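Open the structure in your viewer and keep the selection tool at hand.

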Amino acid sequence: MRNYIGAFAAACALLLAGCAHAPVAGPSSSAAEPLAADGVYELDVKDLSASRNGAVLDAERAAVGRAAALYLDEDASPEAARTAEEGLLKKPALYVAKYKTLSESRDGGYYRVRLKVWVYHGRIASALRALKLAGPGASGPRAAFVFTGPPAPAFASAFKEAFSKRSPVAVEDLRPAAGDADTAEGRLAAAADAGADLLIEASASAGPAGAAAAAGFYPAKADASARIYDVPAGKLLLELSSQANGIDSAEPAAEAKALAAAGELLAQDAASRAARLARQDAPLKLKFFGVDGLEPLEKLKAELARLDARGLRLESFDQGTAVFLAVPRRPDPQEFASSVLRSDALGLELEGVGPQEIAFSLPR
């Protein structure tokens, strides 16, 4: 269901097709940028207004989704990115300043519209930053975690929780393909594909630590180990191990306690070293002048995404100036500027190169 403002805008559109409609309140549309978007909704011949409203909402969602894709951190996990985008698309009206109807028609059993939608892209960027999915600080060092032994959920859960609390390195589960999971080389390749800086391979096992006590409590002992690799270099950095005990009235619960304690101890040791091991290359700032709207910005980002760099993200876009951050594979600004120009199809002109910033302009 559209809210009152959305319904009012849709009703006006039926009377004044092709005119722009602004919400009653909110920031001025000068803070928004337009995007063309298509929308479709099931046709109800008894209620064309409802069909049109549904198609308009679909087009607004498409426009908001495209703007979100511009700011979304390239290193964000697919699950996090999907969750963030779905959250934004639940209430697209929060990010839409106005729209103009370009065309609308019945198409078989559907109602279709094409709109020019002015979106508050700054609001979208702020929402993504709040979720650590865009802007400065979104792309810190990352570690891929894989368990190489028999399943031990208590150990894995305790390890990741303790590691995350004590380290700025983001840890995420690695799920390599069946063939890759069998060897360290395959796991390293899978971690590289996932964009990780470190690979943490861990294993743990638990068993009885002695006979059950007279009161019916079972002691258990767990042994755990981890190997940490530098993913880009493909090199083993260090090996760690830990032991811990647990006791409970049930033997499986005692072993789970021992495994959890071993995981926490091992994570504390790993976290204290991981931040020093992960290479945190300084990002290069890429500034582009004369970017005339979000659609040219989409083309620009698509070109930059093909370059030999990682951690590419849009930091800001305001009054025709777009600022990207990227970490080139080779830390030479002059060489990176040359690679941008070699792959350019937009007519970029180089304005200047500094140690941490490169400036370009687009033709007017």
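Select helix 4, residues 121-130, in this predicted model. His121, Ile124, Ala125 and Leu128 are buried there. Here buried means under 20% relative accessible area. Now look down the axis of helix 4. Its buried residues fall within an arc of 100°, so they line one face of the helix.

**Next stop: a cavity**

Rolling a probe the size of a water molecule over the atoms shows where empty space is left. How many cavities of 30 Å³ or more does the count come to? The count comes to one. The largest cavity has a volume of about 30 Å³.

To find the largest cavity, select Leu300, Glu303, Leu304, Leu307, Val340, Ser343 and Leu348, which line it. This lining divides into five nonpolar residues, one polar and one charged. Now colour helix 8, residues 294-305. Helix 8 gives the largest share of the lining, three residues.

**Last stop: a hairpin**

Select strand 13, residues 349-353, together with strand 14, residues 357-361. Do they run parallel or antiparallel? The two strands pair in the antiparallel sense, over four bridges. Follow the chain from strand 13 into strand 14: a hairpin joins them through three residues. Finally, click Glu349. Which residue of strand 14 stands opposite? Ser361 does.

How values were computed: Residues numbered from 1 in each chain as written. Predicted model: local features only at pLDDT ≥ 70, side-chain atom pairs only at ≥ 80, totals over all residues. Heavy atoms only, no water. Pairing = 2+ DSSP bridges. 1 Å grid on protein atoms, 1.4 Å probe; cavity = no way out; pocket = protein on both sides within 12 Å on 5 of 7 lines; lining within 4 Å. Points joined across faces, edges and corners; volume = space filled by probe spheres on them. Nonpolar A, V, L, I, M, F, W, Y, C, P; charged D, E, K, R; others polar. Buried < 20%, exposed > 50% of the residue type's maximum accessible area, 1.4 Å probe, protein only. Arc of directions from axis to C-beta.
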